[in-house]
Amino acid sequence: DVPDLVAKLQQAFRLEPGIFVAERYSQYQRKVRDFALTLALFSAGSVVTVLLAGSFAANLLHDIYVDRRRQYATLMALGFSPAMGICWDRRRCRRNFGATIVRDAIADG
């Protein structure tokens, strides 16, 4: 019976302390190596995710900036100041800018 003989040999070698310690240490090394590889994989994945998210945010900000410049150009072509879009108090801005636009329109005749 070969399987029984193999089992007895394995048991005999496991009982010897040096082989047992070497076997346990090799298992520990494999676990550490697996952990390091897993950590490297997740680190690479997180770096790629951060780069893609940053690229996406940069593209969105660029589009907003381009649209805002187009909006300012349209406002200036219509004769409005771009400062109307910057003012934080809308009611006061409408009242002040509205009065300025009416006054300018009256002065222009």
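How many salt bridges does a search of the whole structure find? The search finds one, a salt bridge being a side-chain nitrogen of Lys or Arg within 4 Å of a carboxyl oxygen of Asp or Glu. The structure is a predicted model, in which local features need pLDDT of at least 70 and side-chain atom pairs count only at pLDDT 80 or more, while totals for chains, interfaces and linings use all residues. Residues are numbered from 1 along each chain as its sequence is written, and side-chain values use heavy atoms, with hydrogens and water left out.

The protein chain contains four helices and zero strands, in the order α-α-α-α from the N terminus. Helices (H or I, at least four residues) and strands (E, at least two) are DSSP runs, numbered from the N terminus. Of the 109 residues in the protein chain, 3% are buried; buried denotes under 20% relative accessible area, exposed over 50%, and partly exposed the range in between (1.4 Å probe, protein chains only). The accessible surface of the chain amounts to about 9,700 Å², with 65% belonging to carbon and sulfur atoms.

The salt bridge joins the side chains of Asp67 and Arg70, at 3.2 Å from N to O. Both residues belong to helix 2 and stand three residues apart, about one turn of the helix. Asp67 is partly exposed, at 44% relative accessibility, whereas Arg70 is exposed, at 51%.

Helix 2 (residues 17-78) also holds Tyr25 and Tyr28, three residues apart, about one turn of the helix. One aromatic pair was counted. Tyr25 and Tyr28 form this tilted pair, with 6.3 Å centre to centre and 35° between the planes. Rings of Phe, Tyr and Trp (its six-membered ring) pair if their centres lie within 6.5 Å; planes under 30 degrees apart count as stacked, over 60 as edge-to-face and the rest as tilted. Tyr25 is partly exposed, with a relative accessible area of 48%, and Tyr28 is exposed, at 51%. Together with Val32, the two tyrosines form a nonpolar surface patch with about 330 Å² of accessible area. Patches comprise residues with over 30% relative accessible area and no salt bridge, like charges being joined within 9 Å and nonpolar side chains (Val, Leu, Ile, Met, Phe, Trp, Tyr) within 5 Å.

The mean pLDDT of the protein chain is 78, and 66% of the residues score at least 70; pLDDT is the predictor's confidence in each residue, from 0 to 100. Among the elements, helix 2 has the highest mean pLDDT (88) and helix 4 (residues 90-108) the lowest (54). Where pLDDT is low, predicted coordinates should not be read in detail.

Terms used
Accessible areas come from the Shrake-Rupley method with a 1.4 Å probe; for residues, only the protein chains shown count as cover.
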